[in-house]
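Hi everyone, and thanks for coming. Please have a look at the structure on the screen, and I'll walk you through it.

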Amino acid sequence: MELSSKKIENALIIGMKGRLDALTSPNFEDAICKFIREGEIKIVFDLGDLDYISSAGLRAILSTAKRLKAEDGAIAFANITGMISEVFEISGFGSMFNIYGSALLAAKELS
């Protein structure tokens with residue numbers, strides 16, 4: 001999995017490319033924890049290039065959401081399509097989290 005980041009307004013947009021699964025989740029969580037320690041508590045995950053997410057990936061996202069909530073932060077998702085969208089709906093993530101059509105709109109909403 002590849003992560004990219006850019007700051008827009010007061011939110012950090014993290015682009016995710018590849019697979020978020022049991023193999024990549026630990027590195028994902030480490031990277032996100034580092035951002036949170038650096039003070040980034042408003043995070044948008046751009047999932048437009050994410051090909052696959054497993055239950056381990058969903059757990060990593062939940063863990064991230066809990067960390068951000070403890071810091072009075074916020075989390076949002078953008079560009080969810082295809083299989084990732086189906087997984088979010090089946091798992092209930094679609095109703096638990098704010099989902100936007102674009103990362104820019106999500107960043108503005110969190111700021």
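I'll begin with some ground rules, then take the sheet, the helices, the cores and a few single residues.

This is a predicted model, where local features need pLDDT of at least 70, side-chain atom pairs count only at pLDDT 80 or more, and totals for chains, interfaces and linings use all residues. Residues are numbered from 1 along each chain as its sequence is written, and side-chain values use heavy atoms, with hydrogens and water left out.

When I say helix or strand, I mean DSSP runs numbered from the N terminus: H or I of at least four residues for helices, E of at least two for strands. Two strands pair if DSSP finds at least two bridges between them.

In what order do the five strands lie? They form an open sheet in the order 1-2-3-4-5, and the pairing is mixed. At the edges stand strand 1 and strand 5, residues 98-100, each with a single partner strand, so one side of each has no neighbour in the sheet. On average, neighbouring strands are turned by 25° against each other, direction ignored. For angles, axes are lines fitted to C-alpha atoms, for helices over the stretch in contact, and the values run from 0 to 180 degrees between N-to-C directions.

Now find strand 1, residues 2-8, and strand 2, residues 11-20, which pair in the antiparallel sense over seven bridges. Together they form a hairpin with two residues between them, and Glu9 in the turn has a positive phi of about 55°. Within this pair, Leu3 stands opposite Met16 of strand 2.

Strand 3 and strand 4 are paired in the parallel sense, over five bridges. Asp46 has Ala78 of strand 4 as its bridge partner, and Ile43 has Ile75 of strand 4.

Which helices pack on this sheet? Helix 3 touches strand 3, strand 4 and strand 5, and its direction makes about 115° with that of strand 3. Helix 5, residues 103-110, touches strand 1, strand 2, strand 3, strand 4 and strand 5, at about 150° to the direction of strand 3. Touching, or contact, means heavy atoms within 4.5 Å.

As for covering, buried means under 20% relative accessible area, exposed over 50%, and partly exposed in between, using a 1.4 Å probe and protein chains only. Four of the five residues of strand 4 are buried.

Next, helix 2. Its 16 residues should span 22 Å at 1.5 Å a residue, and its end C-alpha atoms are 23 Å apart, which agrees. The expected span here is 1.5 Å times one less than the number of residues. Ser54 caps the N-terminal end of helix 2, with a side-chain oxygen 3.2 Å from the backbone nitrogen of Ala56. After helix 2 comes Asp72, with a positive phi near 60°. Buried residues of helix 2 include Ala56, Leu58, Ile61 and Leu68. The buried residues of this helix pack against strand 2, helix 1, strand 3, strand 4, helix 3 and helix 4, residues 93-96.

That brings us to the cores. A nonpolar core is a set of buried Ala, Val, Leu, Ile, Met, Phe, Trp, Tyr and Cys residues joined through side-chain atoms within 4.5 Å. Which members of the largest core touch the most other members? Of its 25 residues, they are Met16, Phe45, Leu47, Ile53, Ile61, Phe77 and Phe88. Strand 2, helix 1 (25-37), strand 3 (42-53), helix 2 (55-70), strand 4 (74-78) and helix 3 (82-91) each supply at least two residues of this core. A second, separate core has 10 residues, including Ala11, Val44, Tyr100 and Ala106.

Let me finish with some single residues. Is Asp21 buried or exposed? Asp21 counts as buried, at 11% relative accessibility. It sits in the loop between strand 2 and helix 1 and, not counting residues up to four places away in sequence, touches Tyr52, Ser54 and Ala56.

Met83, in helix 3, is partly exposed, with a relative accessible area of 32%. Leaving out residues up to four places away in sequence, Met83 touches Asp51, Tyr52 and Ile53.

The C-alpha atoms of Ala31 and Leu3 are separated by 8.6 Å, with the two residues 28 apart along the chain.

How values were computed
Polar contact = N/O pair within 3.5 Å; in protein donor to acceptor, adjacent residues only side chain to side chain.
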